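Hi everyone, thanks for making time. Please bring the structure up on your screens, and I'll walk you through it.

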Amino acid sequence: MSGNPALDLVGTVESRRDTAVDLLATPADLEQWVVQCDELPAHVTADAATFTAALHLREAIYQLALDRMRDRRFASAGLNIVNEAAAGPALTVELSDAGTRLSGDLRAALAHVARSGITVLADRHACLKECGRSDCTRLYLDRSRGARRTWCGMEGCGNRVKAAAYRARRQAAEQGHDPR
C-alpha cells in the first residue's frame with residue numbers, strides 16, 4: 001500500500017498518533033501483519049521482547065520519516081533503533097518454480113523492515129508524503145506522474161475524501177449555494 005514495508009509498519013497506527021488506533025495491540029497482531037506483508041516470511045512467532053522491539057522500530061521509522069519530510073536532521077535515538085534493528089539477521093530467500101519463498105524469524109523480518117526503511121529514508125529523490133486526509137497519518141511513497149498523489153490509498157482515504165466532497169456539493173446544490 002505505502003510502497004515500502006517500513007512505511008507499511010508505520011501505517012499500523014490508524015488516525016492521528018495522539019488519538020490512535022493501534023493495529024498491533026498484541027504479539028499475535030504483529031505475527032498476522034508479517035504474514036500479510038508481501039516482502040516478509042509467511043510465518044513468524046512473536047515473543048514479548050521482539051514485539052516491543054517492533055513497536056519501537058515502528059515509532060523510530062515514523063519519527064525519522066517526519067524528520068526527512070520536514071528537512072530536519074535525523075534524531076539520534078531513532079537512528080540508533082533503526083540501525084540496531086537493521087544489523088539483525090537476514091531473511092533466507094529460496095527460488096522455486098512458483099517464485100521466491102522467504103523464511104526467517106521475526107528478528108530477521110524486522111531487520112528486513114529496518115533495511116527497507118533505511119533505503120527509503122536515505123533516498124533524497126524518493127517522494128515521501130503523509131496522507132492528505134485530515135485524520136490519517138499514513139506515510140507513503142508517491143510514485144505517481146508529477147508526484148500529485150494526495151492520499152495513502154484510493155480504496156480507503158481517497159474514497160472517503162471524494163465521497164465527502166460529493167456530499168458537500170450535493171448538499172450545497174440542494175440549498176441553492178454554489179459549492180465552489
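**A walk through the model**

Let me start with the surface: the chain has about 10600 Å² of accessible surface, and carbon and sulfur atoms hold 51% of that. Those areas come from the Shrake-Rupley method with a 1.4 Å probe, and for residues only the protein chains shown count as cover.

Some ground rules before we go on. This is a predicted model, where local features need pLDDT of at least 70 and side-chain atom pairs count only at pLDDT 80 or more, while totals for chains, interfaces and linings use all residues. Residues are numbered from 1 along each chain as its sequence is written, and side-chain values use heavy atoms, with hydrogens and water left out.

Now the overall layout. The chain contains six helices and six strands; these are DSSP runs numbered from the N terminus, with helices being H or I of at least four residues and strands being E of at least two. Their order along the sequence is α-β-β-α-α-α-β-β-α-β-β-α. There are 180 residues in the chain, and 37% of them count as buried. By buried I mean under 20% relative accessible area, by exposed over 50%, and by partly exposed anything in between, with a 1.4 Å probe and protein chains only.

As for contacts, meaning heavy atoms within 4.5 Å, take those in the chain with a separation of 6 or more: 54% of them are between residues 24 or more positions apart.

Let's go inside. In soluble globular proteins, nonpolar side chains tend to be buried together. What I call a nonpolar core is a set of buried Ala, Val, Leu, Ile, Met, Phe, Trp, Tyr and Cys residues joined through side-chain atoms within 4.5 Å. The largest one here has 36 residues, and the members touching the most other members are Leu 30, Trp 33, Leu 40, Leu 57, Leu 106 and Val 113. At least two residues of this core come from each of helix 1 (5–10), helix 2 (27–36), helix 3 (48–69), helix 4 (76–86), helix 5 (106–122) and strand 6 (139–141). Which helix gives the most to this core? That would be helix 3, with nine residues.

Zoom in on Trp 33 for a moment. If we skip residues up to four places away in sequence, Trp 33 touches Pro 5, Asp 8, Leu 9, Thr 12, Leu 24, Leu 40 and Val 113. Asp 8, from that list, sits in helix 1. Is Asp 8 buried or exposed? Asp 8 counts as buried, because its relative accessible area is 17%.

On to the strands. Strand 3 (residues 92–96) and strand 4 (residues 99–103) run antiparallel and are joined by five bridges; for reference, two strands pair if DSSP finds at least two bridges between them. The link from strand 3 to strand 4 is a hairpin of two residues.

Next, charges. Side chains of opposite charge can pair when their charged atoms come close. With a salt bridge defined as a side-chain nitrogen of Lys or Arg within 4 Å of a carboxyl oxygen of Asp or Glu, the structure has four. In one of them, Asp 22 meets Arg 58, with the closest N and O atoms 2.8 Å apart. That pair links distant parts of the chain, since Asp 22 is in strand 2 (residues 21–22) and Arg 58 is in helix 3, 36 residues apart. Arg 58 is buried at 4% relative accessibility, whereas Asp 22 is partly exposed at 33%. Arg 58 also forms a salt bridge with Glu 59, at 3.1 Å from N to O.

Another salt bridge joins Arg 72 and Asp 67, whose closest N and O atoms are 2.7 Å apart. Shared partners, meanwhile, bring Asp 22, Arg 58 and Glu 59 into one network. Asp 67 lies in helix 3 and is buried, at 6% relative accessibility, while Arg 72 is partly exposed at 40%. Beyond its neighbours within four places in sequence, Asp 67 contacts Arg 72, Arg 73, Phe 74 and Ala 75.
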